[in-house]
Amino acid sequence: MTSVSIFGLGYVGTVTAVCLASQGHKIIGVDLNPLKVQRIQDGMSPIVEKQVQELMDSASRDGLISATRNVSAAILYTDVSFISVGTPSQRNGKLDLTHVRNVCSDIGQALRIKKGFHWVVVRSTVLPGTTEKVVVPALEAASGKKAGRDFFVCFNPEFLREGTAVADFFAPPFTVIGSDDPAKTSPVRELYGSLRAPLYETPIPAAEMIKYSCNAFHAIKVAFANEMGTICNSLGVNPMIVADIFKSDTRLNISPVYLRPGFAFGGSCLPKDLRALTHQVRELDLKLPLLESVLPSNEHHIERAADMILSLGKRKIGVLGLSFKPGTDDLRESPLVLLVKKLIAEGHDVRIWDDNVSLGQMIGSNRQFIDEYIPHIGSLLCSEIADILSHAEVVVLGTSAVPREAVFADLRDEQYLVDVNSLSEPVLKEEIKSPAVSGKL
Ligand SMILES: NC(=O)c1ccc[n+]([C@@H]2O[C@H](COP(=O)([O-])OP(=O)(O)OC[C@H]3O[C@@H](n4cnc5c(N)ncnc54)[C@H](O)[C@@H]3O)[C@@H](O)[C@H]2O)c1
């Protein structure tokens with residue numbers, strides 16, 4: 001049994017309180033709002049949510065839940081504190097951390113007088129960097145103590161949905177604990193020991209970002225479904241038939257496929273079909289901002305890669321891979337072709353290798369595309385990777401057909417490697433040889 005204080009008795013705090021109490025843990029809730037504190041003291045849930053009152057009844061009966069406005073008492077009588085205060089938007093959209101800062105100041109002052117070690121678990125949704133740059137300094141300043149030595153801070157996002165919050169608490173998609181020392185997270189891990197969900201331990205900023213990644217994706221799914229439904233309705237197509245069949249594909253649609261952070265999409269279908277769809281949207285006088293933003297987003301991604309290469313200030317560029325994906329010679333709308341075109345336009349001396357691309361064998365629309373985009377491509381193509389490596393000051397890895405490690409092993413010290421598929425920063429061979437940065441590879 002762990003004793004846990006929960007700061008912020010809103011939806012997250014209250015659900016967490018009663019669910020942890022139902023597992024036998026002793027809970028002290030803390031809130032600024034005296035009415036919420038009083039309701040819990042009276043054995044009443046401060047929120048309306050399925051199953052919460054039942055869990056509250058048994059927790060009160062068993063003496064496992066109480067609430068107070070006395071922060072010091074809550075800290076002194078518990079080992080672990082959860083922060084689940086609100087993080088609303090400011091008028092301009094910026095995350096408002098006022099409640100987080102205030103609660104850290106309150107907890108820190110209480111920690112100042114606490115003798116034993118204490119765990120602080122941030123559960124409020126905050127942007128990457130907030131726990132390390134706002135929460136930890138605020139706790140250290142108010143307590144006069146040192147994180148890691150006198151108390152431990154970790155980030156543990158909450159994935160419950162209002163309306164099914166209790167069920168979601170007990171069956172989350174996963175539990176994520178972000179910390180700088182997984183050896184110290186055991187009291188937090190143990191609180192979730194009975195849940196049958198994968199547990200991931202990550203650096204703190206990754207844990208903070210996972211929550212935003214999930215919520216952004218959920219929002220995009222809703223907007224996508226609504227926009228597709230809107231076009232369907234305008235065209236007299238039944239949106240439910242389309243949506244049901246779309247969702248039944250768990251290989252490509254509702255699946256991890258296409259969700260790897262990497263380089264832009266291309267090829268003979270996705271750009272063309274999105275263009276046709278968004279043109280149709282305009283003809284129908286509809287406004288579907290999500291669909292209309294996809295091609296511009298993809299173009300920005302290619303520009304980012306070009307900027308990354310241009311910022312190195314080197315002229316001789318070697319590109320490994322040109323087709324839109326490995327194992328094909330299709331160059332139509334390959335993002336690598338578009339990238340090469342940008343580099344050439346900026347006056348760079350580019351050489352290209354792609355095992356599958358042979359101009360002699362290229363016919364039809366594929367040949368036409370490349371003739372239009374890079375008419376002198378024949379003079380840029382090399383048949384050996386070694387020729388690229390001897391030419392280039394910057395080697396751009398555009399294909400997964402050549403393993404990154406193999407390319408890296410053959411680089412000269414002063415050569416840069418830019419792997420557009422990993423979205424990582426350029427690496428310089430001589431830098432990477434130093435053990436301090438070898439993790440970059
Ligand atoms: N509501 C959800 O479904 C949900 C799900 C996952 C994550 N989250 C995140 O969890 C956090 C909390 O969300 P919520 O919906 O429970 O918020 P809420 O607004 O319902 O509750 C926050 C509570 O914190 C209290 N509070 C503010 N400052 C305090 C302080 N210094 N000391 C003690 N209590 C204080 C407030 O009085 C309020 O009762 C937010 O960051 C939110 O984004 C919410």
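**Reading a ligand site and an aromatic pair**

Modeller: An oxygen atom of the ligand lies 2.9 Å from a polar backbone atom of Thr 125. Keep in mind that this is a predicted model.

Biologist: How far is an oxygen atom of the ligand from the side chain of Lys 36?

Modeller: A polar contact is a pair of N or O atoms within 3.5 Å. For Lys 36, an N or O atom of the side chain is 2.7 Å from a ligand oxygen.

Biologist: How much of the ligand does the protein bury?

Modeller: Taken alone, the ligand exposes 830 Å². The protein buries 80% of that.

Biologist: Which pocket does the ligand sit in?

Modeller: The second largest pocket holds the ligand. Helix 5 gives the most, with three residues.

Biologist: How many residues surround the ligand, and which are the closest?

Modeller: There are 22, and the closest are Asp 31, Lys 36, Thr 87, Thr 125 and Glu 162. Sorted by class, the shell has eight nonpolar, eight polar and six charged residues.

Biologist: Now the rings. What describes a pair of aromatic rings?

Modeller: The distance of the centres and the angle of the planes describe such a pair. A search of the whole structure finds six aromatic pairs. One of them joins Phe 174 and Tyr 200, at 5.9 Å centre to centre with 70 degrees between the planes. Planes over 60 degrees apart count as edge-to-face, so the pair of Phe 174 and Tyr 200 is edge-to-face.

Biologist: Where in the chain do Phe 174 and Tyr 200 lie?

Modeller: Phe 174 is in the loop between helix 7 (165-170) and strand 7 (175-178), whereas Tyr 200 is in strand 8 (residues 199-202). They are 26 residues apart, and the pair links distant parts of the chain.

Conventions:
Residues numbered from 1 in each chain as written. Heavy atoms only, no water. Near = heavy atom within 4 Å. Polar contact = N/O pair within 3.5 Å; in protein donor to acceptor, adjacent residues only side chain to side chain. Areas by Shrake-Rupley, 256 points an atom, 1.4 Å probe, with all protein chains shown as cover. 1 Å grid on protein atoms, 1.4 Å probe; cavity = no way out; pocket = protein on both sides within 12 Å on 5 of 7 lines; lining within 4 Å. Sits in = over half its atoms within 2 Å of the grid points. Helix = DSSP H or I, 4+ residues; strand = E, 2+ residues; numbered from the N terminus. Nonpolar A, V, L, I, M, F, W, Y, C, P; charged D, E, K, R; others polar. Phe/Tyr/Trp six-rings, centres within 6.5 Å; stacked < 30°, edge-to-face > 60°.
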